[in-house]
Protein chains: 2
Amino acid sequence: MPTIGVDLGGTNIKAALVSGEGRILRQTGCPTALPRPPEAVCEDILRLCGELIRQANGPVAGVGVGCPGTVDADSGMVLYANNLGWERFPMGRFLEQRLGLPVALANDANAAAYGEAVAGCAQNAQSAVILTLGTGVGGGVILDGRLLTGYTGGAAEPGHIIIQQAGEPCTCGCRGCLEAYASATALIRQTRRAMRANPQSLMHALAGQGPVTGRTAFDAAAAGDAAAQQVVETYIQHLAVGVASLINIFFPQVVGLSGGIANQGEALFVPLRRAVEPMVYGRAFSAKQTRIVGCSLGYQAGLVGAALLARGPG
Amino acid sequence: MPTIGVDLGGTNIKAALVSGEGRILRQTGCPTALPRPPEAVCEDILRLCGELIRQANGPVAGVGVGCPGTVDADSGMVLYANNLGWERFPMGRFLEQRLGLPVALANDANAAAYGEAVAGCAQNAQSAVILTLGTGVGGGVILDGRLLTGYTGGAAEPGHIIIQQAGEPCTCGCRGCLEAYASATALIRQTRRAMRANPQSLMHALAGQGPVTGRTAFDAAAAGDAAAQQVVETYIQHLAVGVASLINIFFPQVVGLSGGIANQGEALFVPLRRAVEPMVYGRAFSAKQTRIVGCSLGYQAGLVGAALLARGPG
C-alpha cells in the first residue's frame with residue numbers, strides 16, 4: 001500500500017505519494033513561506049496530502065514527515081527547529097488528528113538516511129551509516145532495517161561527534177565537531193583561507209566573480225593547483241576521521257555519503273577510502289569490510305525515506 | 001532456565017551458573033595458563049561447564065563466552081585475540097559440538113556491557129552505552145535490549161573513536177583514539193608526565209616506592225595538589241569529549257562507566273557530567289537527559305553478561 005512522504009524544508013514543502021518499495025508515484029509541493037507559525041505550514045501540508053490522497057486511487061497507509069531540527073520521533077514532537085523558528089510543536093499529533101491517518105515524524109536527515117538505506121545506496125544492507133555533507137553534516141543510522149532513534153530525543157547526530165578537542169567552532173556552540181570540518185560550509189571556509197594565503201592559486205580564477213563553492217577547491221585540485229590539492233587533502237583527512245570513528249562504533253555494511261560534495265564521485269571516494277582504511281579497528285582480521293559509497297536517491301531521499309517510515313516497522 | 005557464563009581472560013578463566021534474571025548461582029574457575037593453543041584452553045572451559053551443569057539440578061539453556069579481542073558473534077569465530085595469541089579460531093562451533101548446547105560468543109567488553117545493561121546499572125533502560133576504563137577502553141552498546149554487533153566483525157569499539165586528529169599514539173596503530181586519552185594506561189602516562197614536570201608534587205609521595213596507578217593523580221588532587229588537579233581535569237575533559245560524541249550518536253538513556261577509574265565515584269562523575277553537558281547536541285530542548293553513572297556489577301559483569309547472552313534474543 002502506498003504512503004505519503006513530506007520533506008519540510010526552510011524554502012519548500014515537497015510531498016509525494018510513494019509505493020511500498022520506495023518508488024515515487026506522484027509529487028507535489030509549495031513554498032514554505034517562512035516565517036509562519038507551525039499550524040499555518042501544517043495547513044499547506046494537509047492540503048498537499050489531500051491532493052495526493054485523492055490521486056491515489058485507493059487507500060494510503062500513512063504519512064511520514066521529515067522535519068529539520070530536533071524531533072522526538074516517539075511523541076511526534078518537533079522539539080526545536082532553528083531553520084523554521086519553531087519550538088515544541090506536536091506536529092505528529094496535529095497532523096494525525098486532521099488526516100485520520102498515522103503520521104511518522106523524523107528529523108529530515110534521518111528520513112533521508114532511511115530512504116537511502118531501504119531504497120537507495122544501502123538497499124538490502126544489514127546496516128548503514130548515511131552522512132549528508134551539506135550546509136551542516138546530518139545523517140542517520142539504520143540497523144537491521146530500523147532507524148536508530150535515541151531515548152533522550154533525536155538520534156543520531158553524526159555531525160556532532162568531536163574529532164578535534166578545542167578545535168574549530170561549530171554552529172551548535174561546541175568546538176571540534178565533524179560538521180565544523182566536513183560540511184560544505186567548512187570546505188568553503190577552508191577554501192577561502194587557502195585563497196587568501198595563496199593569491200596565485202587557480203582557485204581565484206575558478207571562483208571568478210561568483211561565490212566560492214564546495215567545488216572550487218576540487219576543480220582547482222583536479223587542474224593541478226597545489227594549494228587546492230592541500231585543501232582537498234586536508235578536507236578528506238578530516239572527513240576520514242569522522243567516517244572511521246563511525247565505522248569503529250557500528251562496523252556497518254555501508255557508509256553512504258550524500259550532498260553536493262559527494263557528487264565529486266571517485267575524486268572524493270578513492271582518497272577517502274585510502275584514508276579511512278588504516279583507522280578501522282581490527283580491519284586486518286575481518287573478512288568483511290564496510291563499503292564507502294555515494295548515495296543514489298539525491299534530493300528525493302528525504303521524500304522517499306519519510307514515506308517509507310510511514311509504512312511502520314517491519 | 002539458568003545459563004552458563006564464561007569470562008575468558010589472559011590470566012584466569014571464570015565460569016558461573018547464572019539465573020535467567022542475571023543472578024550468579026555458582027561460580028568456578030581456573031588459570032588460563034597461557035601460552036596454550038585454543039583447543040587446550042577450551043578443554044578447561046568444557047570441564048568447568050561440565051562441573052556447573054552437574055551442579056545445576058536441572059537443564060541449562062546454553063553457554064555464553066566473553067572473549068578478549070575481535071570476535072565475529074554471528075559465526076562464533078575468534079578473529080584475533082592479541083592477549084591470548086590466537087587468530088581465526090571457531091570457538092563457538094568447537095564448544096557447541098562438544099557441549100551439545102547453544103554457545104553465544106561475544107567480545108568480553110561487549111559481554112560485560114550487556115550484563116550491565118540487562119542486570120546492572122542500566123537495568124530496564126531503553127538504551128545504554130557502557131565504557132570500561134581499564135588497560136584499554138572497551139565497551140558495548142545495548143539498544144532495546146540487544147547488543148549492537150556490526151556487519152564486518154566486532155562492534156562497538158568506543159575506545160577507537162578518534163577525539164584528536166594526529167593525537168597520542170594508540171595501541172591499535174592509529175593516533176588520537178579515545179583509548180589513548182581515557183584508559184587507565186593513558187591516565188598513568190599523563191600522571192608520570194606531570195610528576196616529571198613537577199618534582200614538588202604530592203604525587204611523588206603518594207606513589208612512594210610503588211608504581212604510579214590510576215589513583216595517584218586523583219588522590220593527590222583530592223589533597224589539593226595543583227599539578228594533580230590539572231592531570232585530573234585534563235583527563236576528565238578528554239573522557240567527556242568521548243562520552244559526548246557517543247551521546248550525540250546514540251542519545252542513550254544511560255552511559256555507564258566501569259573499571260578502576262570509575263571507582264573514583266562522584267570525584268569523577270560530578271566534573272564529568274559538568275564537562276559533557278554543554279557538548280550534548282540539542283540538550284536545551286530535550287525533556288529527557290542521558291544519565292551518566294557508575295556500573296554496578298564490577299568484575300562479575302562479564303560473567304553475568306556472557307550468561308545472559310546465552311539466553312538468546314528476547
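Guide: A polar contact is a pair of N or O atoms within 3.5 Å; within protein, one must be able to donate a hydrogen and the other to accept it, and residues adjacent in sequence count only if both atoms are side-chain atoms. This is a predicted model: local features need pLDDT of at least 70, side-chain atom pairs count only at pLDDT 80 or more, and totals for chains, interfaces and linings use all residues. Residues are numbered from 1 along each chain as its sequence is written, chains are lettered from A and ligands numbered from 1 in the order in which they are written, and side-chain values use heavy atoms, without hydrogens and water.

Visitor: How many residue pairs are in polar contact across the interface of chain B and chain A?

Guide: Both residues of a pair need pLDDT 80 or more. Across this interface, the rule finds 22.

Visitor: Which element gives the largest share of the side of chain B that touches chain A?

Guide: Strands S5 (70-72), S6 (77-81) and S7 (86-89) and helix H8 of chain B each give two or more residues. Helices (H or I, at least four residues) and strands (E, at least two) are DSSP runs, numbered from the N terminus. The largest share, eight residues, comes from H8(B).

Visitor: Is H8(A) roughly parallel or roughly perpendicular to H8(B)?

Guide: Their axes (lines fitted to C-alpha atoms over the stretch in contact) come within 12 Å and cross at roughly 70°. Angles of 65 to 115 degrees count as perpendicular. So H8(A) and H8(B) are roughly perpendicular.

Visitor: Which residue of chain B meets A:Asp144 in a salt bridge?

Guide: A salt bridge needs a side-chain nitrogen of Lys or Arg within 4 Å of a carboxyl oxygen of Asp or Glu. Here the distance, N to O, is 3.4 Å. The partner of A:Asp144 is B:Arg146.

Conventions. Axes fitted to C-alpha atoms, helices over the stretch in contact; angles between N-to-C directions. Parallel < 35°, antiparallel > 145°, perpendicular 65-115°, else oblique.
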